[in-house]
Amino acid sequence: MSGRPGNPVRGKLLFVVLVATSLALVISGAAMVIYELRDFRQTWVDDLTAQADVIGLAAAPALQFEDPDVARDYLALLEAKPNITGAAIYAANGSQFASYSASGQEVTFPSLPDVDGHQILENELVLFKRIVADDEILGTVALRANYDLTGRLLDYLGMFGVIMLLSLAGAVLVSGRLRSLNAQLEDRVAARTAQLEAANKELESFSYSVSHDLRAPLRAINGFANLLWEDHKDRLDEEAQRKISIIRGQADRMGTLIDDLLTFSRLGRKSIEPVELDMKELATNAFERLGSDGVDGKTELRVGKLPTANADRNLLEQVWSNLLSNAVKFSSRKEHPVVEVGGIVGESENVYYVRDNGAGFDPRYQGKLFGVFQRLHDESEYPGTGVGLALVHRIITRHGGRVWADSQPGDGATFHFSLPKDVGHG
Amino acid sequence: MDEYEHVEILLVDDSPLDAELAIRGLKDHNLANNVVWVKDGEQALDYVYRRGQFAGRSSAGPRLILLDLKMPKVDGIEVTRTIKSDPKLRHIPIVIMTSSKEERDISESYSLGANSYIVKPLDFEALANVASQAGYYWLAVNRAPNG
């Protein structure tokens with residue numbers, strides 16, 4: 001299964017990594033460009049204003065002394081700023097006092113505004129700034145600078161493209177590594193799944209074989225013991241008859257054991273389908289079924305408050321029927337057997353209980369209570385295979401709940417089980 | 001009774017002990033006179049198609065097939081599939097007998113058209129019900145009281 005091309009998980013992983021990377025880049029790039037473009041003009045205006053202030057400050061004496069050469073020299077310093085294409089100093093009366101052109105050609109300016117300000121002419125930003133000294137307006141500095149929004153945008157896009165390419169290359173490299181790690185993981189999962197499936201299949205064929213092959217000799221034992229009984233009963237003395245009845249009884253018992261064990265083993269493989277369950281209905285129905293199964297009707301059932309549960313109907317039916325038949329069985333020797341069921345609503349789980357006034361058990365052996373084929377009482381006194389509580393334990397555990405019991409010998413027993421309010425697993 | 005003469009049950013089971021018990025059970029219910037026992041699915045198909053060792057058999061039928069599932073060579077599923085897909089034979093009721101109520105056995109036999117499903121040892125009450133549903137009242141009529 002390793003290294004399949006077009007592996008869906010691997011392909012998806014690469015796709016997700018690339019999409020996430022690209023998306024992050026595009027979003028951050030777009031945000032950056034929008035911010036920058038908004039900021040661009042303000043930065044330029046601030047920058048040019050500062051520039052104009054400096055020039056104005058420097059040129060103020062030249063204006064006062066009407067020495068345009070000095071002013072021109074100052075303006076010539078703008079060579080250091082290639083973005084500034086032209087500059088001019090106007091006298092207070094509005095006449096041009098000195099000018100500068102980066103290209104050497106004459107630079108024109110729009111008419112002087114009354115206040116400081118800036119305007120955009122095609123691809124250029126024009127800024128006017130008053131020269132003020134001692135509250136007297138001496139003149140105006142005008143600056144003309146490149147304001148190439150398209151070029152700027154193209155610059156950004158170019159830069160963005162390079163970053164995008166580099167990041168994607170990085171993402172491909174990283175995801176390549178991730179893919180190989182993921183491939184290893186997938187192979188491991190596939191191997192484990194195959195192992196599990198094989199084990200499950202083995203278990204299934206094992207239990208299938210148990211239920212067929214183990215039963216065949218048992219059927220012969222039982223059947224022929226029956227025939228022996230039917231055909232030769234007259235010739236058998238009492239002791240021989242007793243022995244035959246033991247053979248038949250034990251063969252029957254083994255059949256029941258096989259059935260119980262198979263039920264128990266199948267339980268681990270059956271999927272849980274949780275539905276909303278009326279536990280009151282489930283418990284009373286299970287109790288009534290016990291009655292129809294030949295359990296004498298002398299046991300009184302007291303039904304308390306039973307919160308609804310979210311669990312598998314079939315499995316919970318088994319839980320109630322096992323716990324109730326246990327309770328009935330172990331209280332059957334009382335004069336007034338009483339079985340009580342009830343429940344408590346908890347925060348994250350509901351707790352249910354079945355209480356009887358029967359034989360109880362020694363709390364020292366509590367740990368053994370829920371094991372398969374574990375019995376705490378004499379078989380002749382309370383018959384059973386010892387699978388019932390193990391079954392209950394397995395069902396409740398698979399629902400994510402807990403089972404526990406408390407008792408004193410001769411004082412009855414209480415079996416509790418909890419079920420989480422949301423059973424999401426199975 | 002007249003119909004009784006025509007009763008013919010084909011018992012297909014590879015286990016001689018199971019077959020003996022089944023035949024004994026049929027006998028207890030006065031149904032053993034016309035039981036033919038074959039040991040596997042291949043023989044069962046030879047019987048219904050009158051070929052091989054059964055090429056010359058003259059009697060009609062069988063009128064009921066009691067079929068074990070797990071058998072060597074041709075198993076019960078295969079026999080059911082063959083008979084139930086043959087328009088000339090599909091009217092013969094097939095009762096599957098097997099050791100357990102394994103869900104997959106039950107569902108597979110029913111999906112192939114088996115008429116009923118009985119867990120061994122044979123429950124004659126159930127067998128009589130199947131037979132009478134198929135219109136064979138003789139089985140119900142001949143049920144012995146002792147069981």
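Visitor: Are Tyr352(A) and Phe417(A) buried or exposed?

Guide: This is a predicted model. A residue counts as buried under 20% relative accessible area, and Phe417(A) has a value of 0%. Tyr352(A) and Phe417(A) are both buried.

Visitor: What kind of pair do the rings of Tyr352(A) and Phe417(A) form?

Guide: Tyr352(A) lies in strand E10 and Phe417(A) in strand E12 of chain A, 65 residues apart. The ring centres are 5.3 Å apart. Planes under 30 degrees apart count as stacked; here the angle is 25 degrees, so the pair is stacked.

Visitor: Which residues do ring pairs link into a cluster?

Guide: Phe417(A) also pairs with Trp320(A), with 5.4 Å between centres and 70 degrees between planes, which is edge-to-face. Trp320(A) lies in helix H6 and Phe417(A) in strand E12, so this pair ties together parts 97 residues apart in sequence. With the stacked pair of Tyr352(A) and Phe417(A), the cluster consists of Trp320(A), Tyr352(A) and Phe417(A).

Visitor: Which three residues supply 47% of the area that chain A buries against chain B?

Guide: The two chains bury about 1400 Å² between them, 51% of it on carbon and sulfur atoms. On the side of chain A, more than from any other three residues, that share comes from Tyr208(A), His212(A) and Arg219(A).

Visitor: How many salt bridges does the rule find across the interface of chain A and chain B?

Guide: The side chains of Arg24(B) and Glu230(A) meet in a salt bridge, at 3.1 Å from N to O. Across the interface of chain A and chain B, the number of salt bridges is 4.

Notes:
Residues numbered from 1 in each chain as written. Chains lettered and ligands numbered in written order. Predicted model: local features only at pLDDT ≥ 70, side-chain atom pairs only at ≥ 80, totals over all residues. Heavy atoms only, no water. Buried area = accessible area lost by both parts, 1.4 Å probe. Phe/Tyr/Trp six-rings, centres within 6.5 Å; stacked < 30°, edge-to-face > 60°. Helix = DSSP H or I, 4+ residues; strand = E, 2+ residues; numbered from the N terminus. Buried < 20%, exposed > 50% of the residue type's maximum accessible area, 1.4 Å probe, protein only.
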